[in-house]
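I opened this notebook to record what I looked up in the structure. The entries follow in the order in which I made them.

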Amino acid sequence: MWLTAAVESYEPSTYGDQIAGIYDELYDGLFDTAGAVEFLSGLARGGRALELGIGTGRIALPLQRAGVHVSGVDASRAMVDRLEAKAGGDSIPVAIGDFKEPPVTGPFDLVFVAFNTFFGLLSQDDQISCFEAVASLLAEDARFVLEAFVPDLSRFDRHQRVSVDEVMLDQVRLEVTRHDPVAQRIDSQHVVLSEQGTRLYPVRIRYSYPGELDLMAQLAGLRLQERWGDWRRRPFTSESHAHVSVYSRPL
Ligand SMILES: C[S@@+](CC[C@H](N)C(=O)[O-])C[C@H]1O[C@@H](n2cnc3c(N)ncnc32)[C@H](O)[C@@H]1O
């Protein structure tokens with residue numbers, strides 16, 4: 001999809017609407033989706049699962065095939081159209097809306113949000129609202145699983161960064177970023193340069209450190225139960241670039 005006009009206001013749907021056409025191609029093979037499905041299906045135990053920011057169904061579709069009753073929430077109709085066009089996609093119920101307050105009815109045995117998608121909520125207030133909404137959707141003994149990166153501010157030089165994602169014969173992919181350490185905001189553009197022109201894919205996030213996420217969980221009446229370095233349950237250490245965190249009501 002070509003971005004023909006300046007994006008005047010960044011909405012919850014903006015990222016998905018712009019990137020839907022290339023999302024699967026862009027991230028193909030970069031994730032441990034099989035590991036995520038095994039981890040999540042073990043926690044769902046054949047029950048009801050809700051994915052926040054379900055997107056094109058990268059995890060939801062194989063999770064459904066593993067016997068979990070999956071539904072989802074997403075702000076972007078364009079992303080969900082891609083999901084529904086895939087085999088089995090039309091059997092996954094998806095609510096279009098903001099997962100700050102997911103427009104769905106619980107209870108769920110598992111709620112999860114993968115691939116830094118939680119950081120798509122751009123303020124601390126919205127992130128707290130999401131934890132509170134998730135807590136109200138969880139069945140007794142249910143889990144909330146959150147996968148996200150560990151912030152690494154050494155990536156930035158004077159609050160900015162330009163990096164090269166890929167150099168091919170017919171195109172170059174760059175990431176152009178500004179960082180606001182006070183708001184904990186990162187505003188980026190994935191820029192694709194080719195002989196056909198320039199394409200822009202905006203993404204804005206508000207990052208949180210693991211400890212801040214744990215405090216938000218506590219405000220919502222949840223507790224951290226497990227934290228791993230990845231979906232294969234490798235230990236979470238000071239070297240970890242990401243974490244898979246599991247919250248529940250106090251056991
Ligand atoms: C990075 S993609 C992840 C898609 C999928 N979960 C995966 O792991 O491949 C983020 C998804 O979250 C959606 N999203 C971002 N912010 C949202 C919000 N506030 N409410 C609902 N959906 C949102 C986007 O539209 C997009 O489909």
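This is a predicted model: local features need pLDDT of at least 70, side-chain atom pairs count only at pLDDT 80 or more; totals for chains, interfaces and linings use all residues.

Which residues are the closest to the ligand, and how many surround it? Residues are numbered from 1 along each chain as its sequence is written.

**Ligand shell.** I found 21 residues around the ligand, the closest being G16, G53, G55, S76 and G120; a residue is near if its C-beta atom, placed from the backbone, lies within 6 Å of the molecule. By class, 11 are nonpolar, six polar and four charged; Ala, Val, Leu, Ile, Met, Phe, Trp, Tyr, Cys and Pro count as nonpolar, Asp, Glu, Lys and Arg as charged, and the others, Gly among them, as polar. Helix α1 (14–19) and strand β2 each supply at least two residues of this shell. Helices (H or I, at least four residues) and strands (E, at least two) are DSSP runs, numbered from the N terminus.

**Sheet.** I traced an open sheet of seven strands with mixed pairing, in the order β3-β2-β1-β4-β5-β11-β10. Its edge strands, β3 (94–96) and β10 (223–228), each pair on one side only; pairing requires at least two DSSP bridges between two strands.

**β5 and β11.** I looked up how β5 (residues 138–149) meets β11 (residues 242–248): the two run antiparallel and are joined by six bridges.
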